[in-house]
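These are my notebook entries from looking through one model, written in the order in which I followed the topics.

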Amino acid sequence: MPVRQLPIQIVNRIAAGEVVERPASAVKELVENAIDAGASRIDILTEGGGRRRIAITDDGAGMTRDDLALSVDRHATSKLDDEDLLRIRTLGFRGEALPSIGAVSKLDITTRHASEPHAWTLNVDAGAKSDVVPAALTGGTRVEVSDLFYATPARLKFLKTDRTEAEAVREVVRRLAMARPDIAFSLSGEERAPVTWAAALPSAAGRLTRLGDILGSDFRASAIEVRSERDGVIVEGFAAAPSLTRANALGQYLFVNGRPVRDKLILGAVRAAYADYLPRDRHPVVALFVTLDTQEVDANVHPAKTEVRFRNAGLVRALIVHALKEGLAREGRRTAANSDGAAIMAFRPGNIPSSIPRGGWDWRHSPNYPASPTAFEGATVPSYAQPYEANVFAEAAQAAFDTGAPTADLRANTMPAGDLLDMPLGAARTQIHETYIVSQTRDGLVVVDQHAAHERIVYERLKASLERNGVQRQILLIPEIVEMDESIVEKLVARASELEKFGLSIESFGPGAVAVRETPSLLGKTDAASLLRDLAEHMAEWDEALPLERRLMHVAATMACHGSVRAGRILKPEEMNALLREMEVTPNSGQCNHGRPTYVELKLADIEKLFGRR
């Protein structure tokens, strides 16, 4: 078959396949156009998940008659300055969205510019453009897309259900709304209840308000503000405390110069920053905003503009890790109890089984019952305190509390020193089940898991020692030669100095091999070949040496776990108070090495609510 030039209609439909993948893609492009036009309010309406109809109305600058006629031609745009792709300051810049959408659907655009006496409208049907005619519109632009992909029926077969497509539209609008809290958004359709996000002030408080409206009140309650800046690169936003996690990474929202993106570098940095806080199968919830000079980032690396490439990727990653770690360390004492109210709900009367014996408790068994019965002479014994013969811990729900006679470490009647009550974790009052320390503060009480708390303390000490003294190395009697692909060897050797900081000493051994001379002592006897291959695979994906660091930290965490105070050990009052004081000065003491909370805090006001005092 001879080579021939494709018709323009076919070219446009092929291009539409890259830009408009599904209804959500069309919504994304049109909403981005509205944002670039300076809109302060954007209304989105969909029918049939966007397949039958998409209507987007904004109050932006609008277009003149000539601009409208040109806007539906391929590669026509008003957003590039001097055709410089290194200075992209808008979300759109290729001039492909409107012609691509018009090539596969019925497109109606009505717009009015402030300099025009009235509005203008234009129709595009499967690539066929109509004349521009007068229309009625007070200002801004209204775009309607009908029968999406009717001109390319094969694409319709790959669309999912209306509800699924509508959810994809919702996610796109959510991300754009998070990026621009200063713009009001409304989203409605037959597949969902209408939702409106009011415009907020362009400040950290306004950003948190918008994020809370979209991500929920639990994120707002546990959000930690983070910020880091260096060499013109600013990383800011909010990260949820480790008590709020997800089963996947879909709760991580990333924005570069106001553009929602999915970037492997940033996702890897978030994972690294939370490595000491979360279990391996849980993921944090974050919303990070990276701002830098447009010349330092390339947004023209993906047809859908969902990926970017940084000129100095190492700096961006370092700032993200620093911002997150600094914020998490600053708010390290946040726990699940005082962030989401789970502990309070667990104490609700409806959640506590009724296990009081029919005859009530024997009040004479109370520790405050007087030795001399004459003290209660003439007193009326309440009906609920009548004696009974059964063991007070006979019920299954109470048997767990029958720990025998009180030990010498239980000081139930000893009032703590006043100065200790003012400490963040209060003064130790007692030890329950030889596992949990109960302390009293001025405005509540704290229950501490002694093993989890001490585990974090030992772990942080070990990390500080490793940072101060370096990783101890084990010299191999005979260097181990690992054969690998030549390109992989080059990457490993190029990072040899970084790997040496973690105790792994390697050098090139010919074009396709690496000689391992030293390994970290913490890892013990290790398979050097397997370790290097893991490192190589990770570098290919994330361009960093995290696996080795993680292995070392995992060993350190295991050592801390085995070297900590075990559950079941009876502690003296001074030991309990010493543990509380160490927790107060230890970074990240709110969670153990495995991501579990180390203590639960109950405010007095919450306790009073449980008993109906408030």
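Entry 1, the sheet. I looked up glutamate 480 and found that its bridge partner in β24 is valine 516. This is a predicted model, in which local features need pLDDT of at least 70 and side-chain atom pairs count only at pLDDT 80 or more, while totals for chains, interfaces and linings use all residues. Residues are numbered from 1 along each chain as its sequence is written, and side-chain values use heavy atoms, with hydrogens and water left out. I noted that seven bridges join β22 to β24 (residues 513-520), and that the two run antiparallel; strands here are DSSP runs of E with at least two residues, helices are runs of H or I with at least four, both numbered from the N terminus, and two strands pair if DSSP finds at least two bridges between them. The open sheet to which they belong has three strands in the order β22-β24-β23, with antiparallel pairing. I see β22 (473-483) and β23 (505-508) at its edges, each with a single partner strand, so one side of each is left without a neighbour in the sheet. From one strand to the next the twist averages 15°, where axes are lines fitted to C-alpha atoms, for helices over the stretch in contact, and angles run from 0 to 180 degrees between N-to-C directions.

How many of the eight residues of helix α4 are buried? I found eight of the eight in residues 97-104, so the helix is largely enclosed by the rest of the structure; buried means under 20% relative accessible area, exposed over 50%, and partly exposed in between, with a 1.4 Å probe and protein chains only. Among the buried residues I listed Leu98, Pro99, Ile101 and Val104.

Most residues other than glycine have a negative phi. Histidine 433 is partly exposed at a relative accessible area of 28%, and glutamate 434 is partly exposed at 23%.

I recorded 21 helices and 25 strands, and of the 614 residues 46% count as buried.
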